[in-house]
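Trainee: I've got a model open and I'd like to learn how to read it. Can we go through a few features together?

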Amino acid sequence: MRDLVVTGASGFLGASLIEAARSLYPDVRVHAIESPRCGGIDLARPDAFERLGSEIRIAHPEEAALIHAAAIVDWDESERALTSNPAMALNVARWSRDVRLGFSVLVSTVNVYPSASKIEAVDTSVEPPTL
């Protein structure tokens, strides 16, 4: 893998993935896509596809990977999340397909389901405990 594109770079998961990737794979070029509140691309907008294409240049897309971890996870914005989160995933998936990225992972959130209730706490183990 020569390039790794990570959306949601300004969030917890995205930032953690970028830190791990840079530590584990120092020769891989990491493209961090931050949220619009941090000056990044608004992936839910109709022009996100074009902006991704103009801002991310990958010489060998077949040797690149995408981890889409961007999402609105604030429960106070759940109505906006119901339209924006699926739109973000669709725009990123279309871009990945059209540039022929070698591998894509689309991470989701409960904020794409209109009838989901708020989860206060989840007590589950995570394996492996570290990256």
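Predicted model: local features only at pLDDT ≥ 70, side-chain atom pairs only at ≥ 80, totals over all residues.

Trainee: Is Val-107 buried, partly exposed or exposed?

Mentor: For that you read the relative accessible area: under 20% is buried, over 50% is exposed, and partly exposed is in between. Val-107 has 33%, so it counts as partly exposed.

Trainee: Which residues does Val-107 touch, leaving out those up to four places away in sequence?

Mentor: Leu-13, Ile-67, His-68 and Ala-69.

Trainee: Now the helices. How do the axes of α2 and α3 cross?

Mentor: With a helix pair, check the distance, the angle and then the handedness. Helix α2 (residues 48-55) and helix α3 (residues 78-99) have axes that come within 9 Å and cross at roughly 45 degrees. The two helices are therefore oblique to each other. The crossing of α2 past α3 is right-handed.

Trainee: Which residues make that contact?

Mentor: From α2, Ala-48, Phe-49, Leu-52 and Gly-53; from α3, Asn-91, Val-92, Arg-94, Trp-95 and Asp-98. Sorted by class, the contact has 5 nonpolar, 2 polar and 2 charged residues.

Trainee: What about cores? What tends to happen to nonpolar side chains in soluble globular proteins?

Mentor: They tend to be buried together. Here the largest nonpolar core has 17 residues, and the ones with the most contacts inside it are Val-5, Ile-33, Leu-43, Leu-52, Ile-56, Ile-58 and Trp-95. At least two residues of this core come from each of α2, β3 (64-68) and α3, and α3 gives the largest share, 4 residues. Apart from this core lies another, of 11 residues, including Leu-4, Leu-17, Ile-18 and Ala-65.

Trainee: And what does Ile-56 touch, not counting residues up to four places away in sequence?

Mentor: Val-5, His-31, Ile-33 and Trp-95. Click on Ile-56 and you can pick out those four neighbours yourself.

Note on methods. Residues numbered from 1 in each chain as written. Heavy atoms only, no water. Axes fitted to C-alpha atoms, helices over the stretch in contact; angles between N-to-C directions. Parallel < 35°, antiparallel > 145°, perpendicular 65-115°, else oblique. Left-handed = near helix turned anticlockwise from the far one by under 90°. Contact = heavy atoms within 4.5 Å. Nonpolar A, V, L, I, M, F, W, Y, C, P; charged D, E, K, R; others polar. Core = buried A, V, L, I, M, F, W, Y, C linked by side-chain atoms within 4.5 Å. Buried < 20%, exposed > 50% of the residue type's maximum accessible area, 1.4 Å probe, protein only.
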